[in-house]
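Me: I'd like a close look at a single part of this one, the place where the two chains touch. Could you walk me through it slowly?

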Amino acid sequence: MSYSVGNEALKEKVVEVIDVTVRINNLIVLDKVSVDVDRGDVLGIVGPNGGGKTTLLNAVLGLIPIESGQIRLFGTDIRRFKDFHKVGYVAQNAIQFDPIFPATVREIVSLGCLNRARLGRRLGKEQNEEVEKAIDLMGLRNVADRKISDLSGGQKQRIFIAKALVRKPKLLLLDEATAGLDQCMQDHFHNLLRFLKSEYGISVMTVNHDLSGVICQANKLAVVNRQLHYTPITPGLDPSKMLQDAYGEHFTFIFHHDHQTCQAPEASTITIKEGGS
Amino acid sequence: MLDIGGLFAYEFFQRAFLAGICSALLCAALGVFIVLKRASLIGEGIAHLSFGGIAIGLVLAVYPLYTALILALVGTLLISLLNRSKIVYSETAIGLMFSAGLAIGAVLASVGGGFSVDLFAYLFGSLLTVSPQDLQIIVLLTLIALIFIGVFYKELVLMTFDERSAHLSGVPVVAFEVAFNVLVALAVVASIKIVGALLVSALLITPAASAMQLSGSFKGTMLSAFVLGLFSVMAGMLVSFYFDLATGGAIVLIGLLVFGVCVAVRKLFKLGKRELAPDTICAHGMQETRFEAKDGSGEKDV
């Protein structure tokens with residue numbers, strides 16, 4: 001498996017986070033963090049709960065103000081950035097929507113087509129085709145006309161991923177997007193990410209607690225716990241030191257699978273064993 | 001036997017009927033969004049503010065729907081301002097406006113003693129009092145509101161479903177919220193003559209609540225709300241005319257009856273208890289996933 005983007009000519013800065021500090025309720029949540037995402041990069045973000053992973057994504061999306069530093073999306077300062085149709089986002093708690101909300105899968109996925117330039121305009125043929133394509137990509141064809149609350153947690157999660165993909169984003173931000181998906185669907189989703197990366201040069205920032213998933217899918221790893229430790233992922237990389245810095249010394253990391261090939265003969269997870277020696 | 005054809009020979013009933021259709025369509029359309037935003041009380045707040053505005057109009061001898069509209073719009077903007085600036089919770093802001101409207105109405109009613117009959121018609125609605133000028137205003141307000149909803153339907157759905165997602169999609173969320181609340185103010189003022197200030201919020205809520213029992217899609221819910229709202233208003237007006245009942249009360253009681261029937265239908269046919277939809281991707285265990293390459297070169301292993 002190759003971890004590199006492959007074509008240096010494609011290297012263009014998609015996300016630049018430069019010395020960013022975020023303070024929420026007088027508490028510093030991110031402290032002078034810096035990280036870049038180039039075109040085609042998959043940046044895996046891990047870290048302990050409350051470490052600032054979601055805050056980092058929210059700051060990149062301009063949803064929360066930053067105290068100092070700078071964030072640029074596609075070269076434009078986030079405070080002036082308007083091209084959000086280039087950005088797809090799946091929120092951490094996306095599936096916790098109102099259970100009686102009357103909407104079908106197709107209706108929700110089609111909402112992903114909305115953007116500032118198309119306000120008040122009906123979806124055209126091209127948008128409708130993209131909706132159907134996203135429904136197929138996420139395996140939702142047989143439930144496209146079902147009410148969203150009739151679906152399982154994994155299917156609901158895929159609706160939101162389809163909604164994010166339907167606008168053909170250049171940058172995809174995923175906040176624990178595979179939480180609630182079974183192993184087969186996680187594999188399906190990782191295959192999809194690989195496909196989007198190779199075919200469309202799409203860049204991804206993905207927050208995930210599944211370290212093996214991150215290491216197998218990403219080409220860059222960021223460990224966030226108020227500060228950000230960052231490394232390119234290369235075959236044979238041992239992130240133990242970085243992870244221990246972020247999680248604390250009382251964790252032991254046990255790798256279950258062949259890290260070189262990302263093959264997992266028995267179990268494809270990395271266990272974080274709390275209270276280990 | 002009811003002579004419905006003969007009823008439409010009366011000009012006042014023609015006007016009231018047209019105004020009722022406008023109110024029903026307008027309130028049903030807005031009501032679906034209001035109920036799903038869990039903001040059902042906003043109609044109540046704005047309606048009571050309008051009541052204060054009507055009292056001002058009657059005291060000043062100005063056309064009361066104008067003063068009602070002005071006070072409703074001012075109150076709407078104040079609710080948005082108080083809520084967005086996080087000075088108070090949304091329902092507290094609505095409660096404040098509610099109280100203000102009722103207090104203004106009560107004080108002015110005691111000052112102006114002579115307009116108590118008119119005020120009663122505005123409080124509970126009356127078929128007899130829809131003037132040609134009222135009808136013009138009601139039709140105009142309805143057209144404005146329905147065109148806005150028709151044009152920005154998807155944006156309003158997304159805002160209702162997930163405001164953060166709407167913001168990231170470039171929808172000017174604050175502007176749309178203000179615009180939506182203004183529409184609610186227009187709907188309330190347009191409906192006061194038919195159902196009255198005290199019952200207008202029921203016209204906003206009941207068709208939407210009933211429709212949600214029957215439909216699984218947003219579009220279906222909107223269409224059902226239109227049909228159920230129209231039915232309640234038309235049936236309520238006829239009942240009100242033939243049995244000499246307060247129009248607003250008759251319309252709302254029929255709306256509540258329709259809601260009860262919809263809940264019963266839902267329970268009876270288990271509309272809301274459908275089995276979980278089957279998942280096909282992983283139905284047969286782990287499998288290879290193939291995606292089609294964009295260059296049309298066929299499927300591609302990944």
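How many residues of chain A are in contact with how many residues of chain B?

Reply: Quick housekeeping before the answer: this is a predicted model, where local features need pLDDT of at least 70, side-chain atom pairs count only at pLDDT 80 or more, and totals for chains, interfaces and linings use all residues. Residues are numbered from 1 along each chain as its sequence is written, while chains are lettered from A and ligands numbered from 1 in the order in which they are written.

Now, the contact itself: 43 residues of chain A are in contact with 34 residues of chain B. Here, "in contact" says that the C-beta atoms of two residues, placed from the backbone, lie within 7 Å. On the chain A side, the elements giving two or more residues are strand E6 (87–90), helix H2 (105–111), helix H4 (153–165) and helix H5 (183–200). Those labels are DSSP runs numbered from the N terminus: helices are H or I with at least four residues, strands are E with at least two. The largest share of that side, nine residues, comes from H5(A).

What kinds of residues are they? The side of chain A that touches chain B divides into 21 nonpolar, eleven polar and eleven charged.

Asp182(A) lies in the loop between strand E7 (171–175) and H5 of chain A. Asp182(A) counts as partly exposed because it has 14 C-beta neighbours inside 10 Å. The cut-offs, with C-beta atoms placed from the backbone, are these: 20 or more other C-beta atoms within 10 Å of a residue's own is buried, 12 or fewer is exposed, and in between is partly exposed. Asp182(A) and Gly154(A) are 28 residues apart in sequence, yet 7.3 Å apart in space, C-alpha to C-alpha.

Next, hop over to chain B. Helix H8 (residues 153–161) of chain B is mostly covered, with eight of its nine residues buried. Among the buried ones are Leu156(B), Met159(B) and Phe161(B). H2 of chain A is part of what covers them, together with elements of chain B that include helix H2 (11–36) and helix H10 (173–195).

Finally, some background on chain A: there are seven helices and twelve strands in it, and buried residues make up 47% of its 277 residues.

Technical notes: Ala, Val, Leu, Ile, Met, Phe, Trp, Tyr, Cys and Pro count as nonpolar, Asp, Glu, Lys and Arg as charged, and the others, Gly among them, as polar.
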